[in-house]
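User: I'd like to go through this model with you, piece by piece. Could you start with the charged pairs and then move on to the sheets?

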Amino acid sequence: MKYDCIIIGGGAAGLMCAATAGYRGRKTLVLDHANKVGKKILMSGGGRCNFTNYFVEPDNYISKNEHFCKSALSRYTQYDFIDLVGRYELAFHEKAKGQLFCDNKASDILDILLKECELAGVEIKTRCEISSVIPSVGGSGSYTLETSQGEFICDSLVVACGGLSIPTMGATSFGFDLAKQFGLDVLSIQPSLVPYTFSDKWLDISKQLSGVSMEVEISTKSANFHESFLFTHRGISGPAVLQITNYWNAGDEVSVNFFPGVSLAEKIKAWREEGVKSELKTLLTKVSEKPLAKNFVNTWLDLCGENKPVSRYSNDEIDRIVEHFQSWTFKPSGTEGYRTAEVTLGGVNTDGVSSKTFEAKEVKGLFFIGEVLDVTGWLGGFNFQWAWASGWCAGQYV
């Protein structure tokens, strides 16, 4: 059967692209190998889908070509998507730092996308395995797809099948393999927005503190974030850790400040000069706006070998304590990998793709959108906004 446009992948970017193309009168088909579309939408944001962010900027994205995302983000903004959900009277709320979540459940977002596809006349086929993609002779831009549900032909083929993150949701390397088949460069990929793991003494300590959370400042050599942090039975997690993994390579050191915005040295010395008789472990739990867990403070002081009344500390001892609490530096053993990663960092090199149309520069009629590209957003709705923006922009040209 012949279509104007076939989209491989029924995720956020693919469904947005399909609806956009359909509204333009393009005969459009979405193919997905899973039993239903939009699985990552349904599980995102703790089941409430952090669908965009009020404060989207190009600086929120990582790519070898830092300018590539600018065009799409400016042509289809967060407010455009907010207008879309507003037309469906979706109830939503803002959490910290501009993050927008559904009041009800993530399926509300998927329902909107599916309704848009229905209204635009888009056909969707699930449980459809693609065995081969064959370009027309001479590179005229037509493609034949051999699938488990028969043969399909199209003029425009859109690759929107994401990366390798969360394989239980059906993630595969298909998009990267297809890019390589047609001669596009695929940059090194790795799991990101993912918890760190430990295998040394820090693993035992993390297990002891599993479930303890706090606000921290976390940094690596090229970025820093002030977010929530969590000890787990495998290592460390929480938004702070997930954010920094976008800027981390294996072997890099990571530093954590458990008292961001506080001069801990000045506080301890002031307590000492005032003759405060309390032990330091008692005082430190109350320094932050949100009290720190006692077992964390006790464990960290034990690591320093320092836990006594504050009046008895020397300046050298205070310096060691401050370094331990405000500049804990370590090398993660690794991450939890694609199993729990929210995104795949890296992907199809954007140098070979038009930032206006998302068509491959050297392959007529072949488009790449969403996570399969080397564009990765921060935690907080930025990756969904990239999906909406890249899908909408490509949908104008397929």
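**Salt bridges, sheets and one buried threonine**

Analyst: In this predicted model, the count of salt bridges comes to 11.

User: Which residue forms a salt bridge with Lys40, and how far apart are the closest N and O atoms?

Analyst: Lys40 pairs with Glu371, and the closest N and O atoms are 3.2 Å apart. This pair links distant parts of the chain, since Lys40 sits in helix 2 (residues 39-43) while Glu371 lies in the loop between strand 20 and strand 21 (376-377), 331 residues apart.

User: And Glu371, buried or exposed?

Analyst: Glu371 is buried, with a relative accessible area of 19%, and the cut-off for that class is under 20%. Lys40 has a relative accessible area of 29% and is therefore partly exposed.

User: Switching to the sheets: what is the strand order in the open sheet of 7 strands?

Analyst: The order is 17-16-13-14-15-12-18, and the pairing is antiparallel. Strand 17 (328-330) and strand 18 (334-335) stand at the edges with a single partner strand each, so one side of each has no neighbour in the sheet.

User: Which helix packs on that sheet?

Analyst: Helix 12 (residues 315-326) packs on the sheet and touches strand 16 and strand 17, with its direction making about 110° with that of strand 16. As for the pairing itself, strand 13 (residues 213-220) and strand 16 (residues 254-257) run antiparallel over 3 bridges, and Glu217 has Asn257 in strand 16 as its bridge partner.

User: And the open sheet of 3 strands, which strands stand at its edges?

Analyst: That sheet has the order 3-6-5 with antiparallel pairing. Strand 3 (50-53) and strand 5 (92-94) are at the edges, each with a single partner strand, so each has one side left without a neighbour in the sheet. The twist averages 30° from one strand to the next.

User: How many bridges are there between strand 3 and strand 6?

Analyst: Strand 3 and strand 6 (residues 99-102) pair over 3 bridges in the antiparallel sense, and the bridge partner of Asn50 in strand 6 is Phe101. Helix 4 (residues 78-87) packs on this sheet, touching strand 3, strand 5 and strand 6, and its direction makes about 135° with that of strand 3.

User: Last one, Thr350: where is it found?

Analyst: Thr350 is found in the loop between strand 19 (343-345) and strand 20 (366-368). Its relative accessibility is 1%, so Thr350 counts as buried.

User: Which residues is Thr350 in contact with, leaving aside neighbours within four places in sequence?

Analyst: Leaving those aside, Thr350 is in contact with Ser63, Asn65 and Phe68, and also with Leu373, Asp374 and Val375.

Conventions. Residues are numbered from 1 along each chain as its sequence is written. This is a predicted model: local features need pLDDT of at least 70, side-chain atom pairs count only at pLDDT 80 or more; totals for chains, interfaces and linings use all residues. Side-chain values use heavy atoms; hydrogens and water are left out. Helices (H or I, at least four residues) and strands (E, at least two) are DSSP runs, numbered from the N terminus. Buried means under 20% relative accessible area, exposed over 50%, partly exposed in between (1.4 Å probe, protein chains only). Contact means heavy atoms within 4.5 Å. Two strands pair if DSSP finds at least two bridges between them. Axes are lines fitted to C-alpha atoms, for helices over the stretch in contact, and angles run from 0 to 180 degrees between N-to-C directions. A salt bridge is a side-chain nitrogen of Lys or Arg within 4 Å of a carboxyl oxygen of Asp or Glu.
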